[in-house]
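Open the model in your viewer and keep the selection panel at hand. The tour moves from stop to stop, with something to select at each.

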Amino acid sequence: MKHKSWETEAIKGIIPSLNTPFTQDGALDIPSLRKLVQHTIDSGCAGMLGLAVAGEYETLSYKEKRTFIEVVSNENNGTLPLIISVTSTNAESTLELSKLAKAHGATGICVQIYSDTKLSDNIAFLKDLSQHSPKIIMVQDLDWSGDGLDLDSILTMFNRVKKLTWLKIETKKAGPKYSAVKSMTNNHLKVCGGWAVTQLLDALDRQVDAFIPTGMEHLYTKIYKQYHMGNHDLARDLFHKLLPVLNFANQHIDISIRFLKELRVREGVFSSSFCRNKRAVFDDTQAKEAKFLSKLAHDLSKEYA
């Protein structure tokens, strides 16, 4: 396993959430997964996140998750920071996945914390998890239609759990929350976004430390790098060209998963767009629009790569 300077430095940039590829008959597609890791590296990303919502983690068995971690870790070989989502239906499985991530050299884990759970229980859970986790714990503050974790709870958890150094905010009004969290922790709690990718430029203006979208890595890294080089007009122009794609894909997480898997096939990264998520389907009108927009995204990626 390689040892990189990023192990002791803040991660900055685009950290895509990896789709999980399946064969047409629904099995885990190992060759496509290896291609995806190399595609992520070649796109200039700052890291990668595996087994999250975009990866249909709820449909994977523990054995498949273990295989996923092993394949991604071996193919990545320490080239980029690797974050593994360990969110599960029970604490025991979360703990085992965290141990597995650490054993395979992951830089960190990502775990969802729920706002309706007692703060003391969340702190105890994170402290227990930190005994077996890699060096970074990223808390996922996910609430599709609500405010998510309150700021006081976030600050208390940050102060009480040493490894909690990242917060992935995916709530409504995400922008002001990025700013509030960075301000109240004096920028010591690193902040990233994901689902609010349609507000990417707003996030960059608020100096988020990283962003975790899915797919279209060449375009996101181009926007991020041009923005930070001071070429804001170029970054904005490219982002505006991408907006029709984002507006379609971000209608719903199920639409996003389906669309981005079809884009992976067009890119030659996946052999199949099969989704285990049975809700991730298009009707005839959506299928027509998706075909047009996947070509648009692919053409833009080739133009700006």
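Start with helix α1, residues 30-42. This is a predicted model. The helix has 13 residues and reaches 19 Å from its first C-alpha to its last. That is close to the 18 Å expected at 1.5 Å a residue.

Now show the side chains of α1. Which residues of α1 are buried? Select Ser 32, Leu 33, Leu 36, Val 37, His 39, Thr 40 and Ile 41. An α-helix has 3.6 residues a turn, so residues three or four places apart point the same way. Next, look at what covers the buried residues of α1: the cover includes strand β2 (48-50) and the helices α2 (62-76), α8 (217-228) and α10. Step just past the end of α1 to Gly 44, which takes a positive phi of about 80 degrees.

**Next stop: a lysine in a strand**

Select Lys 168, in strand β6 (residues 164-170). Is Lys 168 buried or exposed? Its relative accessibility is 4%, so Lys 168 counts as buried; the cut-off for buried is under 20%. The side chains of Lys 168 and Glu 170 make a polar contact at 3.2 Å. Then display the other neighbours. Leaving aside residues up to four places away in sequence, Lys 168 touches Leu 49, Cys 110, Met 138, Val 139, Gln 140, Asp 141, Cys 192 and Ile 212.

**Next stop: the aromatic rings**

How many aromatic pairs does the structure hold? There are 4. Select Trp 144 and Trp 195, one of these pairs. The arrangement is edge-to-face, with 5.4 Å centre to centre and 85 degrees between the planes. This pair links distant parts of the chain, 51 residues apart. Trp 144 sits in the loop between β5 (136-142) and α5 (151-160). Trp 195 sits in the loop between β7 (190-193) and α7 (200-205). Colour both by accessibility. Trp 144 has 46% relative accessibility, so it counts as partly exposed. Trp 195, at 23%, also counts as partly exposed.

Move on to Phe 248 and Phe 259. Their rings form an edge-to-face pair too, at 5.8 Å centre to centre and 65 degrees between the planes. Phe 248 lies in helix α9 (residues 232-249) and Phe 259 in helix α10 (residues 253-267), so the pair ties together parts 11 residues apart in sequence. Both Phe 248 and Phe 259 are buried.

Together, Phe 248, Phe 259 and Phe 282 form one aromatic cluster.

Conventions: Residues numbered from 1 in each chain as written. Predicted model: local features only at pLDDT ≥ 70, side-chain atom pairs only at ≥ 80, totals over all residues. Heavy atoms only, no water. Phe/Tyr/Trp six-rings, centres within 6.5 Å; stacked < 30°, edge-to-face > 60°. Helix = DSSP H or I, 4+ residues; strand = E, 2+ residues; numbered from the N terminus. Buried < 20%, exposed > 50% of the residue type's maximum accessible area, 1.4 Å probe, protein only. Expected span 1.5 Å × (residues − 1). Contact = heavy atoms within 4.5 Å. Polar contact = N/O pair within 3.5 Å; in protein donor to acceptor, adjacent residues only side chain to side chain.
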